[in-house]
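Please read it alongside the sequence and the coordinates.

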Amino acid sequence: MSRVLRAMAVGLLSACGLSGVTPAPASAADYPKDAFEVFRFDPDGQGHAYTGGSITWYNRTANVQGTVVDTANNIGHVTAYFEAYAGSTKIESVTRTANAESDLGSPRDFNFTIGDTDLVGGIDRIKVTLCRWDGASKDCAGAENYSKL
């Protein structure tokens, strides 16, 4: 095959997207990432609750990875609430719970995806709230909001 004919064939295949070279998928390093931390201290000094980790923002969803910790030595458990929003509309909620006094254990690691892969524009904010249940009542730390830039 002549050089001219070969160059034309390669040009035609490339123009049609049939060059045989596929683009590499985006790696996690290609997506924006935020760190998050929420603390809740017991007013009676009996322990505290904590959740922290990272949020990796994808096109329509986000990956949340981290840990939730319950250090109280009494009845109850700690729950971290993760709420994904698109504007002011809540799209999905996920919870993760730790309990130092049960088989559930503490600390507990988590790794999950939140959002809706079919939502045009995707999620743009995750609200993280940390609550301690003592068996009779719930006490929550102030919610922290993390936004996709």
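## Terms and basis of the model

Two strands are said to pair if DSSP finds at least two bridges between them. Helices (H or I, at least four residues) and strands (E, at least two) are DSSP runs, numbered from the N terminus.

The model is predicted, and local features need pLDDT of at least 70, while side-chain atom pairs count only at pLDDT 80 or more and totals for chains, interfaces and linings use all residues. Residues are numbered from 1 along each chain as its sequence is written, and side-chain values use heavy atoms, with hydrogens and water left out.

## Confidence

The pLDDT, the predictor's confidence in each residue on a scale from 0 to 100, averages 82 over the chain, and 75% of the residues score at least 70. Over residues 4-13 the pLDDT is below 50, and this stretch has three contacts in the model beyond near neighbours in sequence, a contact being heavy atoms within 4.5 Å. Residues 15-22 also have pLDDT under 50, and for them the model has three contacts beyond four places in sequence. Where pLDDT is low, the predicted coordinates should not be read in detail.

## Overall make-up

The chain contains one helix and nine strands, and from the N terminus on its elements run α-β-β-β-β-β-β-β-β-β. Among contacts between residues at least 6 apart in sequence, 57% join residues at least 24 apart.

Of the 149 residues of the chain, 34% count as buried, where buried means under 20% relative accessible area, exposed over 50%, and partly exposed in between (1.4 Å probe, protein chains only). The chain exposes about 8,900 Å², of which carbon and sulfur atoms supply 53%; accessible areas come from the Shrake-Rupley method with a 1.4 Å probe, and for residues only the protein chains shown count as cover.

β4 and β5 pair in the antiparallel sense over nine bridges, and in β5 the bridge partner of Y85 is K90. The hairpin of β4 and β5 has two residues between the strands, and in it G87 takes a positive phi near 65 degrees. β4 also pairs with β7, again in the antiparallel sense and over nine bridges, with A84 standing opposite I126 in β7.

β7 is mostly covered, seven of its nine residues being buried. Four bridges join β7 to the antiparallel strand β9 (residues 144-147), where E144 is the bridge partner of V128. With strand β8 (residues 138-140), β7 pairs in the antiparallel sense over three bridges, and W133 stands opposite K138 in β8. Four residues lie between the strands in the hairpin of β7 and β8, in which G135 takes a positive phi near 100 degrees.

## The nonpolar core

A nonpolar core is here a set of buried Ala, Val, Leu, Ile, Met, Phe, Trp, Tyr and Cys residues joined through side-chain atoms within 4.5 Å. The largest such core has 23 residues, of which I55, V64, F82, I114 and I126 touch the most other members. At least two residues of this core come from each of β1 (33-41), β2 (48-57), β3 (61-70), β4 (77-86), β5 (89-98), β6 (108-115) and β7 (125-133), and β4 gives the most, with four residues. Residues up to four places away in sequence aside, I114 touches T61, A62, V64, F82, E83, A84, E92, V94, I123 and I126.

## V69 and its surroundings

V69 lies in strand β3 and counts as buried because its relative accessibility is 17%. Although V69 and S106 are 37 residues apart in sequence, they are 5.4 Å apart in space, C-alpha to C-alpha. Leaving out residues up to four places away in sequence, V69 touches H48, A49, Y50, V78, A98, S106 and P107.

## The disulfide

The structure holds one disulfide, defined as a pair of cysteine sulfur atoms within 2.5 Å. It is formed by C131 and C140, whose sulfur atoms are 1.9 Å apart, and with 100 degrees about the S-S bond this link of C131 and C140 is right-handed. C131 counts as buried because its relative accessibility is 1%, whereas C140 counts as partly exposed because its relative accessibility is 33%.
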